[in-house]
Structures are given as C-alpha cells and as structure tokens.
Amino acid sequence: MSSSLYLATPFSMAILQFFGHLREDILSKTTEPGSVKAYIFGGCALHIHTNARVSNDIDVEFSSAEWMRKNNIVISKPSIIYAAGPVRRTLELDSQFTPVLGPLHEDYQDDAILLQKHHLDSPLWLYVVTPEDLAVSKLGRFGERDREDILTLLKMKKMTVDNFRERATEALKYYVGSPEAAKSHLDYVIWQYNQLPHR
C-alpha cells in the first residue's frame, strides 16, 4: 500500500497557500499551538493522496469551529487563484461542508495524517484524512464521482479492499444515516473494483 502524498503539485500548493492565509488570521487571536485543527476531505484530499483530479472547493472540518466563530476568525483571502496547466482556476472554501452527513469512523481524527510538520508551533494544525476514511465518507451520498474516487484509491493501492471494508464496517455500526444503503454501496464499489482487469 502506497502512503506517499502529492504535496508539490500546483493544486496542493494552492491548498497549502490557502491554509497559510488562515494561519495568519488565527495568529491575530492566539499563538497557542494546535488551537485549531483542520481536516481535509473531498476532492482536495483525493488529490493529495493520488494526484488524480482537482476541485474548485475545499471540504474541510475545523475541530474548533465554535472557537473560530467566537473569536471572529475570518479567512482574509477566501479564494486562491492558481494555474492548472494553461488554465487558471479558483479554489474556495465550501462553507456548507460537514462530514457528519456521511459515515465516518470514530477514530478518523486520531488517524488523520499531519501535513506541514514544521508548523507544529503554529496555532493551526493541518491534516488530511486517511484514504480509508476518505473512501468511507463517500459511501453515504455515493454519486458517480464518489464511486470513481473510491476506485481511484483502490487502483492506486492507497488502501486495500480488506482495510477499506473493515474500516467501513466499523463506521457503519454507529452511522446515523442508512447503514443498509451504505453497506450496499460498499459491496457494489468493491464488486466494481474486482471486475477491473489487471487489478
């Protein structure tokens, strides 16, 4: 299983730049290391793990969202413009994103991968969720792009079928949505992967 991250691509660098601006805003309120923890999901997380695609928005969960609201933390630059080949794109924060609408393992924050370890003295600690937890989070909505993202993680050996199934099965034990539907999504996407040639 490959654990390498793609942090030097133009898109990943735009993501890090975005959170760099947020770090500056938080520094105006506190210097306590790790006051705010940010967990990246969605297309940004998929890109960091696989370099497979880019996104126009950042799906992120802040562990101290209430603290940020109380202290009026505002992202001074709510969007970043970056070059993706010949095309210039805009990356923005998805203010409506919440990970609780889909299934999630109870340990997803503990197991998330810390990015930018040289910023441990910063009030903002930035993480990306593991490939397994990213895939599990996509079993609720399970649109075409969600299925493609899960298959990409499997095809690129970012996780194994067994690890994915085990993580998902544990998460579905306390999923507040429809565990039966999510279980059928899990079985279907694994069946799809098993039909692929030369897997």
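Biologist: Is R165 buried, partly exposed or exposed?

Modeller: This is a predicted model. R165 has 32%, so R165 counts as partly exposed.

Biologist: Which residue does R165 meet in a salt bridge?

Modeller: Look for a Lys or Arg side-chain nitrogen within 4 Å of an Asp or Glu carboxyl oxygen. Here the R165 side chain meets that of D187, at 3.5 Å from N to O. R165 sits in helix α7 and D187 in helix α8, so the pair ties together parts 22 residues apart in sequence. D187 is also partly exposed, because its relative accessibility is 32%.

Biologist: What other salt bridge does D187 make?

Modeller: One with K183, at 2.8 Å, N to O. Both lie in helix α8, four residues apart, so about one helical turn separates them. K183 is partly exposed at 36%.

Biologist: How many salt bridges does the whole structure hold?

Modeller: Eight. Some form a network, which links R53, K138, R141, D146 and D149. D146 and D149 are among the buried residues of α6. The buried residues of α6 pack against α2, α5, α7 and α8.

Biologist: Why does the length of α6 make sense?

Modeller: Its 12 residues, at 1.5 Å a residue, should span 16 Å; the end C-alpha atoms are 16 Å apart, which agrees. Just after α6, K157 takes a positive phi of about 60°.

Key. Residues numbered from 1 in each chain as written. Predicted model: local features only at pLDDT ≥ 70, side-chain atom pairs only at ≥ 80, totals over all residues. Heavy atoms only, no water. Helix = DSSP H or I, 4+ residues; strand = E, 2+ residues; numbered from the N terminus. Expected span 1.5 Å × (residues − 1). Buried < 20%, exposed > 50% of the residue type's maximum accessible area, 1.4 Å probe, protein only. Contact = heavy atoms within 4.5 Å.
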